[in-house]
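User: Take me through one part of this model in close detail, please. I would like to see how it sits among its surroundings.

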Amino acid sequence: DLPVWTITCFYVNRHHRRKGLTLGLLKAAVEYAVANGATIVEGYPVDPGGGRMSSASAYTGLLSTFKKAGFVEVVRRHDTRPIMRYFVVA
């Protein structure tokens, strides 16, 4: 019942992938949302379950990246699709 800001996808040029840029983008998005009044930021990453996946399937980010940024899983409606939230601490 609270307002939620949402991060829906990322784009990193193929020449720059696998360098940690998505984590930087995610942290910057959270900083922007918080600076503009967000108290909850939500994302919908993919959980590859230890396997590899194509870049085309990972445009919403990976579970591990969201965890590194301080997000927590709040619900999982599909095996590979957790809903992650970042709660702003007052």
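Analyst: R18 counts as exposed because its relative accessibility is 70%; exposed means over 50% relative accessible area, buried under 20%, and partly exposed in between (1.4 Å probe, protein chains only). This is a predicted model, in which local features need pLDDT of at least 70, side-chain atom pairs count only at pLDDT 80 or more, and totals for chains, interfaces and linings use all residues. Residues are numbered from 1 along each chain as its sequence is written, and side-chain values use heavy atoms, with hydrogens and water left out.

R18 lies in the loop between β1 and α1. Helices (H or I, at least four residues) and strands (E, at least two) are DSSP runs, numbered from the N terminus. Most residues other than glycine have a negative phi. R18 has a positive phi of about 65° although it is not a glycine.

The 15 residues of α1 (residues 21-35) should span 21 Å at 1.5 Å a residue, and its end C-alpha atoms are 21 Å apart, so the two values agree. The expected span is 1.5 Å times one less than the number of residues.

Which residues of α1 are buried? They are L26, V30 and A33. Seen down the axis of α1, these fall within an arc of 65°, so they line one face of the helix; the arc is that of the directions from the helix axis to the C-beta atoms. An α-helix has 3.6 residues a turn, so residues three or four places apart point the same way. The face turned away from the buried side of α1 carries the exposed residues E31, Y32 and A35.

The buried residues of α1 pack against β1 (5-7), β2 (40-43), α2 (63-68) and β4 (82-87). They also belong to a nonpolar core, meaning a set of buried Ala, Val, Leu, Ile, Met, Phe, Trp, Tyr and Cys residues joined through side-chain atoms within 4.5 Å. The largest such core has 12 residues, including L26, V30 and A33 as well as I7, V41, L63 and M84. The largest share of this core, three residues, comes from α1.

Just after α1, G37 takes a positive phi of about 100°. A38, another member of the core, is in contact (heavy atoms within 4.5 Å) with W5, A33 and V88, leaving aside its neighbours within four places in sequence.

β1 and β2 pair in the parallel sense over three bridges, where two strands pair if DSSP finds at least two bridges between them. In this pairing, I7 stands opposite G43 in β2.

Together, β1, α1 and β2 make a right-handed β-α-β unit. A crossover is right-handed if, with the strands pointing away from the viewer, the path from the first strand over the helix to the second runs clockwise.

On to β4: four bridges join β2 to β4, and the two run antiparallel. Here V41 stands opposite Y86 in β4.
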